[in-house]
Amino acid sequence: MLRNISLAILVIAYVAAGVNHFIHPEGYIDIIPDYLPYPVQLNYAAGVCEVVFGLMLIFPTTRNWGASLLILMLAAFLIVHVRMVQIAPLRVGGYFITPFIAWVRLLLQPVLMLWLYWHIRREH
């Protein structure tokens with residue numbers, strides 16, 4: 001039961017986060033490092049991926065792929081979180097990110113990765 005509740009939370013969180021890339025794109029675009037090209041397109045691509053990968057967690061046949069792809073996305077997004085730590089305090093969309101919040105966000109990434117990894121079935 002705990003695993004099902006955990007999975008439901010992940011699905012809702014990732015689908016909502018992905019949709020939010022389209023509702024409030026400015027907050028995401030603002031934190032994309034300057035050296036990455038096409039920040040608007042990257043934001044929307046990230047949103048689509050979060051929605052699709054989040055929905056993949058629902059189905060047992062695609063769950064391993066969805067969790068693995070979300071883990072890879074979190075790893076790729078580490079550069080954004082490191083940058084936020086470096087430039088905090090900053091305003092992201094309607095939120096004020098203090099250095100403490102930036103550090104919490106950065107340190108949350110491995111926790112999310114492990115949480116997703118917990119849902120990957122290992123066949124023995």
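View 1. Val48 has its place in helix 3, one of the helices (H or I, at least four residues) that, like the strands (E, at least two), are DSSP runs numbered from the N terminus. This is a predicted model, in which local features need pLDDT of at least 70 and side-chain atom pairs count only at pLDDT 80 or more, while totals for chains, interfaces and linings use all residues. Residues are numbered from 1 along each chain as its sequence is written, and side-chain values use heavy atoms, with hydrogens and water left out. Val48 is partly exposed because its relative accessible area is 43%; buried means under 20%, exposed over 50%, and partly exposed in between (1.4 Å probe, protein chains only). Together with Phe22, Val40, Tyr44 and Val52, Val48 makes a nonpolar surface patch of about 390 Å². Helix 3, residues 39-56, gives the most to this patch, with four residues. Patches are made of residues with over 30% relative accessible area and no salt bridge, with like charges joined within 9 Å and nonpolar side chains (Val, Leu, Ile, Met, Phe, Trp, Tyr) within 5 Å. A salt bridge here is a side-chain nitrogen of Lys or Arg within 4 Å of a carboxyl oxygen of Asp or Glu. The areas come from the Shrake-Rupley method with a 1.4 Å probe, and for residues only the protein chains shown count as cover.

**View 2. The largest pocket and its lining.** Here you can look at a pocket with a volume of about 1,000 Å³. The elements that give two or more residues to its lining are helix 1 (2-23), helix 2 (25-29), helix 3, helix 4 (60-76), helix 5 (78-87), strand 2 (95-97) and helix 6. The lining of this largest pocket counts 36 residues, and His21, Tyr28, Ile31, Glu50 and Arg105 lie nearest the centre. Helix 1 gives the most to the lining, with six residues. On a 1 Å grid over the protein atoms alone, a pocket is an open set of points with protein on both sides within 12 Å along at least five of seven lines, whereas a cavity is a set where a 1.4 Å probe fits but cannot get out; lining residues have an atom within 4 Å of a point. Grid points are joined across faces, edges and corners, and the volume is the space filled by probe spheres set on the points.

**View 3. Arg105 and Gln109 in helix 6.** Arg105 is found in helix 6, and so is Gln109, in a helix that covers residues 99-117. Is Gln109 buried or exposed? Gln109 counts as buried because its relative accessibility is 5%. Arg105, with a relative accessible area of 32%, is partly exposed. Not counting residues up to four places away in sequence, Arg105 touches His81 and Met84; contact means heavy atoms within 4.5 Å. Leaving aside neighbours within four places, Gln109 is in contact with Leu74, Leu78 and His81. Arg105 and Val15 are 90 residues apart in sequence, and their C-alpha atoms are 19 Å apart in space.

View 4. Val19 is found in helix 1 and counts as partly exposed at 36% relative accessibility. Between Val19 and Val51, 32 residues apart in sequence, the C-alpha to C-alpha distance is 6.9 Å. Ser68 lies in helix 4 and is partly exposed, at 29%. The C-alpha atoms of Ser68 and Met113, which are 45 residues apart along the chain, are separated by 8.9 Å.

View 5. Tyr38 sits in the loop between helix 2 and helix 3, and at 59% relative accessibility Tyr38 counts as exposed. Phi of Tyr38 is near 55 degrees, a positive value in a residue other than glycine. Pro89 lies in the loop between helix 5 and strand 1 (90-92). The peptide bond from Ala88 to Pro89 is cis, with omega near 5 degrees.
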